[in-house]
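Please look over the sequence and the 3D structure below before reading on.

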Amino acid sequence: MAHTTLMMIKPDAVENGHIGRILEKVTAAGFQIKGLKLTQLSKNDAERFYEVHQERPFFGELVAFMSRGPIVAAVLEKENAVSDFRTLIGATNPAEAAEGTIRKLYATSIGENAVHGSDSDENAEIEAAFHFAGRERF
Ligand code: CMP
């Protein structure tokens with residue numbers, strides 16, 4: 001059965017010109033792109049998207065980073081999409097990410113870590129609805 005996950009290519013990876021290389025790795029790993037856009041989060045958007053982290057010491061830094069420039073948002077579909085995508089992107093801290101993972105290849109720090117992937121099927125749907133209208137999903 002096909003499952004959904006929500007990817008964001010974060011501002012650092014967009015600034016560094018990695019959009020094409022990341023999308024290539026994602027599709028080569030068997031994910032189907034069901035929604036895709038270049039967009040920018042306002043500070044308020046980023047605060048809402050990362051609401052669960054609002055008590056963390058890095059929340060202000062995270063909101064400033066995620067709203068500083070364009071991101072790519074994508075709805076991805078694959079069997080076991082959430083866990084397979086988290087394996088493909090690697091650990092949150094690129095220093096701990098496995099060889100060949102997207103974060104090992106393209107992330108620079110634990111804060112500026114190139115990509116986001118949903119952490120559950122339920123959050124994938126909430127996050128996909130955050131970025132995409134129904135007619136933008138296929
Ligand atoms: P992600 O897992 O996509 O969503 C939460 C984000 O918070 C995470 O990526 C990092 O970008 C950021 N984050 C997590 N831990 C830290 C940290 N210790 N310092 C700064 N940013 C962090």
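Which backbone oxygen does the side chain of N113 reach? The side chain of N113 reaches the backbone oxygen of T92, at 3.2 Å. This is a polar contact, meaning a pair of N or O atoms within 3.5 Å; within protein, one must be able to donate a hydrogen and the other to accept it, and residues adjacent in sequence count only if both atoms are side-chain atoms.

Some notes on the source come next. The model is predicted, so local features need pLDDT of at least 70 and side-chain atom pairs count only at pLDDT 80 or more, while totals for chains, interfaces and linings use all residues. Residues are numbered from 1 along each chain as its sequence is written, and side-chain values use heavy atoms, with hydrogens and water left out.

N113 lies in the loop between helix 6 (102-106) and strand 4 (115-117). Helices (H or I, at least four residues) and strands (E, at least two) are DSSP runs, numbered from the N terminus. N113 is buried, with a relative accessible area of 3%. Buried means under 20% relative accessible area, exposed means over 50%, and partly exposed is in between (1.4 Å probe, protein chains only).

N113 also belongs to the surroundings of the ligand. An oxygen atom of the ligand is 3.3 Å from an N or O atom in the side chain of N113. For the side chain of K10, the distance from a ligand oxygen to an N or O atom is 2.9 Å. Taken alone, the ligand exposes 460 Å², and the protein buries 79% of that (areas by the Shrake-Rupley method with a 1.4 Å probe; for residues, only the protein chains shown count as cover).

The residues around the ligand (those with a heavy atom within 4 Å of it) include Y50, H53, F58 and R103. By class, this shell has four nonpolar, four polar and three charged residues. Ala, Val, Leu, Ile, Met, Phe, Trp, Tyr, Cys and Pro count as nonpolar, Asp, Glu, Lys and Arg as charged, and the others, Gly among them, as polar.

Back in the loop between helix 6 and strand 4 lies A114. A114 has a positive phi of about 70° although it is not a glycine, and A114 is buried, with a relative accessible area of 0%. N80, another residue other than glycine, has a positive phi near 50°. N80 lies in the loop between strand 3 (71-78) and helix 5 (81-89) and is partly exposed, with a relative accessible area of 40%.
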